[in-house]
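Please read the following note alongside the displayed model.

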Amino acid sequence: MRRRSVVPVILLSAVTACGGAVPVASNPPSSVRPLESPGAVASTAADPIVGEWVALHNCDTIVALLGDAGLDEFIGEQIYGNELIPGVPADQSELLDPSAPCADAVEREHSHFFTTDGTFGSRDFNGDQVDDGGYSVVDEHTIVINDARFQYRIDDDQLELAPEPVDISACHTKECRFIAAWVLMVALPGTPWTRR
């Protein structure tokens, strides 16, 4: 999700606005269900998540992911902020054509990195850092990134992330809904991240 160093501050205020926790659902859409625990997880290092992981931002995937979660208000920001429609200003937040939001869209590479000192960050397709914060590994299937819990699985050089199920029914502020969108955009459930 395209955010600069303000993300941890927004994240903390969003978590506070939502009653101290990331919005979770008791009955999530199938696209955001947690990963099943695999029988064997690759663990060639003490902390196998350390490194950089790359995936593609795909307009149709983002529209479906945010739309299914009831977070349509962030679709334009994500499409244009991630420059999926070339030539449209990144600060555009309203969809130019809501009936065809992905017309003329291109896929863009996006990456996350995890360092040995607990730093988390994201880079856009130009290699510019667009997100930052910290992470901690809870166990071999659970990671916390900027206070949000994710299930993760590493299989060879592929990483899958699944957030706790998202439910915005208790979110009464844009900041609270933003954190729900941020969590989904960090994970991109169902999208494989490949080790760079």
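How many helices and strands make up the secondary structure of the protein?

1. The model under review is predicted. Its secondary structure comprises 4 helices and 8 strands.

2. The protein has 196 residues, and 46% of them count as buried. When contacts between residues at least 6 apart in sequence are considered, 63% of them join residues at least 24 apart.

3. Two helices deserve attention: H2, which spans residues 59-68, and H4, which spans residues 174-187. Their axes come within 10 Å and cross at roughly 140 degrees. Angles over 145 degrees count as roughly antiparallel and 65 to 115 as roughly perpendicular, so H2 and H4 are described as oblique to each other. The crossing of H2 past H4 is right-handed.

4. Which residues make this contact? Helix H2 contributes Ile 62, Leu 65 and Leu 66, while helix H4 contributes Ala 181, Leu 184 and Met 185. By class, the contact of H2 with H4 has 6 nonpolar residues, with no polar and no charged ones.

5. Glu 52 lies in strand S1, residues 51-57. Is this residue buried or exposed? Glu 52 has a relative accessible area of 16%, and because buried means under 20%, Glu 52 is classed as buried.

6. The side chain of Glu 52 makes a polar contact with the side chain of Arg 123, at 3.2 Å. Leaving aside neighbours within four places in sequence, the residues in contact with Glu 52 include Ser 111, His 112, Phe 113 and Thr 194. Arg 195 and Arg 196 are also in contact with Glu 52.

Definitions and conventions
Residues numbered from 1 in each chain as written. Predicted model: local features only at pLDDT ≥ 70, side-chain atom pairs only at ≥ 80, totals over all residues. Heavy atoms only, no water. Buried < 20%, exposed > 50% of the residue type's maximum accessible area, 1.4 Å probe, protein only. Polar contact = N/O pair within 3.5 Å; in protein donor to acceptor, adjacent residues only side chain to side chain. Contact = heavy atoms within 4.5 Å. Axes fitted to C-alpha atoms, helices over the stretch in contact; angles between N-to-C directions. Parallel < 35°, antiparallel > 145°, perpendicular 65-115°, else oblique. Left-handed = near helix turned anticlockwise from the far one by under 90°. Nonpolar A, V, L, I, M, F, W, Y, C, P; charged D, E, K, R; others polar.
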